[in-house]
Amino acid sequence: MESPLQLLQSVITSKNESNLPGIVNFCSETKFFCNETKEGPSVAHFINSLLAKAETSSAGLTILQSFIPQCPRDVLNSNIISWIQHCNKTLIIDGNISTTSFELLGELIRLSRDFPEVRKEIALSIIPKCLDHFIREAKSQKQDVSVILQCLVQTLETYGKSSGVHKNEITSLVFLFLESSPQNVHTCAKCYLNLAACGSPGQNSENYASNWFLQEKFLINTLHTVMDSLFENIDLHQDAHTLYDVGDYKPPIPNVTEKSLLKKKQRLATQFQSISEYLSVLLMGSFSAAKKIHPESILNLIWRGLSTNCSTLKSVNMSADVSNLLTVISRVNLSCLKLLNALITTCRMNLISYSSFICRILTQTLNWINVENWPYGIGKPHKSIRVEVYNCTTNWLSVSRACSGINKHIEDILSSVISDINVEPPALTLKVPTGKGKNKKHKHKKEVSLTLEHIVYKEEDKDICKAALELIPTILSSTSTVMKPEQHKLLQEVIVSKLLRIQHSRSSNAPIPYSDESCRLSLYKALLSLCNYYHPSFPPPNNFATTIFSKGMKDSSIQVLTFCVHALNTIGKILKPPFTSLEYQITQEGLNHLNKEKYLRETRKRVHNVNNISSLDLNSKSNDILNSTEIEAMSETSLQDFDKSVFCADNEAVDKHGNIQINNENEVNESTEIMPASDSFNQTIDSESFNQSNNSESFNSDSSRPVVILDSEKNVSITNSDSVSGNEVETNGKELDVEQSNESEKVKKRNLEDIDNSLSKKIKMNGVREEEHFLTVEDSDDEMLSSFVDEVNDE
């Protein structure tokens, strides 16, 4: 087999260069030069010999373009300067741009930064000449200059410090292409970003940061100026705006001097689009210094551009300026939304303070572009704006999550989303022909027909539908817990019914626009998100999802099939976890042990809360609070009785008339603990342990929570730390005298069991709800609780 060198030499010798592209493509695809590493110097020498001759220079450049990605490092280091110089000489061949030379030159300049040995020479002697060529040829060429601009971007990115001398010329060149193609505008925007890093960086790149901020202010001023020209002679109410002081930095912007009003508006709208693209790239592009961004100024600019739209212009007195502006205002609105998307992508969580303003911009834009009763099968108006709003909303929810502030506007957004994903065909018309004369009584065949006034385009709104469906998982992941159950239910009904209809219809009769596989894929993803992010009070559609994903594996699209397999596996793990559940069955003995531990833990928790009370009014002979040491010594039965008797009055203290009495003008709230001071409470505690609890260390004077004491007369008093002296308890100005019970232990237990049974019956009868061993008593149950407290005290 011939070597690569011999193969190329035979093609060149035969002077049949039509075969050269095929051989070069073969060498690039098979990495032919890498397999023959020893041939590297020989191939480089062969390429240099071709470049030296004018008639074979073009073939040499073609072979060199394929050889560079496979070239050994030492060979490239020794030849890169000569190759850059040759490419610089052959940029223009016979008055035409040599695309191969520009592409090869840009690649060699990019690779040269990895060779310190030649980098300095290239920066000092070659780069200035290259920039002169770029600027001269870009200004003189009337044909497509995209390849020149791309080479200029690579040069500025690699040798920005050496390009400071040409900074002003490049700036003028960049704004010269404001009204060029979108591809050239985007390339010029990259050039403008890299211009901020031209010249000396200064200490800690201060010069670069100040240059970037200056360019940002200039672009904001320019956008306001263009809008002033667009909105002139139109009576519009707009907020006042201020311009930045940019000093002498005023790059030349092409003047619009058209006499035709329509042409003038079109050129101004094109300039607005291009300058907003410059600002977007300036925000999102990678930069070597810190960026100083003013979100408020950019948001005000966006709001000004979006507040003037087709809806607001229709309410203004129609004139020539208004009618011509209507033809281009949608382009201005779209550019503002793209700028908002760039700002969100760049600043992310730093925009949380502007969350309400951002949500207001998005929802108001959705409101004015929404249409009702739109004809079936016709693409909706403002398609690009609608898609961009959905993309902005998705990005904003993705970066801000629960802090997005979208909760107040979720209803408007969901209504718009559902209208875009659920396109219903018109109702069928039933026609019954009537007979004439003798045939009037004859039965005629009923005809069912679907009459449409327009041609149906099934995939016209597929971009809108896809963007709306992609928004649903983001909404659910960030706001599913705060959404209304009805909204979850509506989403489930729409998505599940739409998928079932798709699966039970032929591909040719699929609902609009779900004949497109990307829309079907997004719809299946939305269903999976409904299963993952369900509402706490509304069940997820797991059962429906299992059936739908199973049938989705028969979809004609491989992408849909692959996702359904993944989704079915996910739903299966939700319904049937692969591991043993933590809620395993336990024995009665273990349950009793857990109940005891739970009682101890809850009681310690209440005692710990009491420790935080500033002080307690306690009678020297009565104490209603247990410390942890005494509780541990109790029997299991005593603990249960204690738990039942205490918590019955743990939420509210009431008198016989159902009123709450509070001293010191305090209020009983959720953080207030109410402890009953009745005799029945002390029946499970002996006097010795009772006195020990008075001196327990569990009652510190460092806490600040008030304690509500319920005495034998069912009066309530709240004591504070400043009113406590020793162990005295003040209840409505009267001292409490609690008599200790000397009954036998059996009588105590029997009385407590009767009380507990009475309590449980009344709870069941009156609907008192018990959660986590705490009772939540409704307002209507005050009288019942009062009567029960009377029974407890009587016992």
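1. Arg348 lies in the loop between helix H17 (329-347) and helix H18 (355-369). Helices here are DSSP runs of H or I with at least four residues, strands are runs of E with at least two, and both are numbered from the N terminus. Arg348 is not a glycine, yet its phi is positive, about 55°. With a relative accessible area of 47%, Arg348 is partly exposed. Buried means under 20% relative accessible area, exposed means over 50%, and partly exposed is in between (1.4 Å probe, protein chains only).

2. This is a predicted model, in which local features need pLDDT of at least 70 and side-chain atom pairs count only at pLDDT 80 or more, while totals for chains, interfaces and linings use all residues. Residues are numbered from 1 along each chain as its sequence is written, and side-chain values use heavy atoms, with hydrogens and water left out.

3. The protein has 31 helices and nine strands. Of its 795 residues, 47% are buried. Among contacts with a separation of 6 or more, 76% are between residues 24 or more positions apart; a contact means heavy atoms within 4.5 Å.

4. Two further loop residues deserve a look. Lys31 sits in the loop between helix H2 (20-30) and helix H3 (32-35). Its phi is near 50°, a positive value in a residue other than glycine, and Lys31 is partly exposed, at 40% relative accessible area. Pro513 is in the loop between helix H22 (485-503) and helix H23 (517-532). The peptide bond from Ile512 to Pro513 is cis, with omega near -5°.

5. How do H12 and H14 pack? Two packed helices are described by the angle between their axes and the distance between the axes. Helix H12 (residues 206-230) and helix H14 (residues 295-307) pack at about 20°, with their axes 11 Å apart. H12 is therefore roughly parallel to H14. Axes are lines fitted to C-alpha atoms, for helices over the stretch in contact, and angles run from 0 to 180 degrees between N-to-C directions. Angles under 35 degrees count as roughly parallel, over 145 as roughly antiparallel, 65 to 115 as roughly perpendicular, and the rest as oblique.

6. On the H12 side, the contact is made by Glu216, Ile220, Leu223, His224, Met227 and Asp228; on the H14 side, by Ser297, Ile298, Leu301, Arg304 and Gly305. These residues of the contact of H12 with H14 divide into five nonpolar, three polar and three charged. Ala, Val, Leu, Ile, Met, Phe, Trp, Tyr, Cys and Pro count as nonpolar, Asp, Glu, Lys and Arg as charged, and the others, Gly among them, as polar.

7. Helix H11 (residues 182-195) also packs with H12, at an angle of about 135° and with axes 9 Å apart. H11 and H12 are therefore oblique to each other. Tyr192, Leu193 and Leu195 of H11 meet Trp212, Gln215, Phe218 and Leu219 of H12. The residues of this contact are six nonpolar, one polar and no charged.

8. Helix H5 (residues 57-67) is mostly covered, with eight of its eleven residues buried. Among the buried residues of H5 are Leu61, Ile63, Leu64 and Phe67.

9. How many disulfides does the structure hold? There are zero, where a disulfide is a pair of cysteine sulfur atoms within 2.5 Å. For Cys519, the nearest cysteine sulfur is that of Cys465, 4.3 Å away. Cys519 counts as buried because its relative accessibility is 0%. Cys347 also counts as buried, at 9% relative accessibility.
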